Amino acid sequence: MKEQEAINISIESEIKTIAEEIFRQFGLTKSEAIELFYRQVALTKNIPFIQENFNQETINAFEELEAKEDLTTYNNFAELRKDLGV
């Protein structure tokens, strides 16, 4: 297993509560959600939600999501990781 580091953050209570409920709905822990953010930044070398910087693959994924056709769904983050082989 690769070396891991802990991080400490401070965030507004209301934002934390809302976000954690959304994470729960996706089957994510706080740690998994934060790791997803970090991994996306490392992969793209960019902040992942600045729309001007979406690549074509991401734009296509958004269009597929809006069309709600041929979507792969997962019951939890562990299933997604298994499917991705990580």
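Biologist: In which helix is E79 found?
Modeller: E79 is found in helix α4, residues 77-84; helices are DSSP runs of H or I with at least four residues, strands are E runs of at least two, and both are numbered from the N terminus. Please note that this is a predicted model, in which local features need pLDDT of at least 70, side-chain atom pairs count only at pLDDT 80 or more, and totals for chains, interfaces and linings use all residues. Residues are numbered from 1 along each chain as its sequence is written, and side-chain values use heavy atoms, with hydrogens and water left out.
Biologist: Which backbone nitrogen lies 2.9 Å from a polar atom of the E79 side chain?
Modeller: That nitrogen belongs to N75.
Biologist: What box do the C-alpha atoms fill?
Modeller: Along the principal axes, the box is roughly 35 × 30 × 30 Å.
Biologist: What share of the residues is buried?
Modeller: Of the 86 residues, 5% count as buried, meaning under 20% relative accessible area with a 1.4 Å probe, protein chains only.
Biologist: Lastly, which residue follows α1?
Modeller: α1 is followed by G27, whose phi is positive, near 75 degrees.

Note on methods
A polar contact is a pair of N or O atoms within 3.5 Å; within protein, one must be able to donate a hydrogen and the other to accept it, and residues adjacent in sequence count only if both atoms are side-chain atoms. Buried means under 20% relative accessible area, exposed over 50%, partly exposed in between (1.4 Å probe, protein chains only).
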